[in-house]
Amino acid sequence: TIKKSYRLLALKYHPDKNRDDPNASKKFDSLTRTKNFLLNVEHRREYDKKRRAEEQRARLEVKRDKEMGERRKRMKTELESREKRLYETTFNSEKRSTNQTNSQKTVIDKLKEEGRIRREKAEENLRSRKVKTAANNQIINLEEKQIKVKWSLKKESQS
C-alpha cells in the first residue's frame, strides 16, 4: 500500500507535471525520502513504535480528564489561571524594567552630551585666554619652515 500511495502521489507532485509550481521538486523529493524511510523495515518499526506511544499518551490523557472529578477539574483550572497570571505579571515587569533601562540610557546619553559641550566650552575659553596673554606679552610663536632650493647653472659658451 505504501508503493501504491507513492505512485499516485508521485504522479500528482512530479516536477514535470507541475512546471508552474516552484516547490514541486521539493515536494517530490520529500515524498521520495518518505517512501524510502517507510519501506526500510527498521525505520518503519521505530516510526510505528513512536506513533503508538503518542496515541496511547493521548488516550490516557483523555481518560484521565474524564475520570477527574469536578473538584479536581476546578483545582486544575485555578492552577492554570494562576500560572498564566504569574507569567503575565513576570513578562510585564520585565517589559517595565526594560523601559526603565531605556529611559535611564536616554538620561545618561543626555548627561554625556551636556558634559561634552561643557568640556568644549572650557577648552575654547582656555585657548582664548592663551591668545590674549600671548598678545599682551607680545610673544609670537612662529613655526620654523625650511625651504630647500637647488640651483643649477648653465654655462654659456663664450664666443
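Visitor: How many salt bridges does a search of the whole structure find?
Guide: This is a predicted model, in which local features need pLDDT of at least 70 and side-chain atom pairs count only at pLDDT 80 or more, while totals for chains, interfaces and linings use all residues. Residues are numbered from 1 along each chain as its sequence is written, and side-chain values use heavy atoms, with hydrogens and water left out. A salt bridge is a side-chain nitrogen of Lys or Arg within 4 Å of a carboxyl oxygen of Asp or Glu, and the search of the whole structure finds nine.

Visitor: Which residue meets Asp 48 in a salt bridge?
Guide: Side chains of opposite charge can pair when their charged atoms come close. The salt bridge, at 3.4 Å from N to O, joins Asp 48 to Arg 51.

Visitor: At what angle do H1 and H2 pack?
Guide: Axes are lines fitted to C-alpha atoms, for helices over the stretch in contact, and angles run from 0 to 180 degrees between N-to-C directions. For helix H1 (residues 2–13) and helix H2 (residues 24–39), the axes are 10 Å apart and the angle is about 175°.

Visitor: How far apart are the end C-alpha atoms of helix H3?
Guide: The expected span is 1.5 Å times one less than the number of residues, so the 27 residues of H3 (residues 41–67) should span 39 Å. The model agrees, with the end C-alpha atoms apart by 39 Å.

Terms used. Helices (H or I, at least four residues) and strands (E, at least two) are DSSP runs, numbered from the N terminus.
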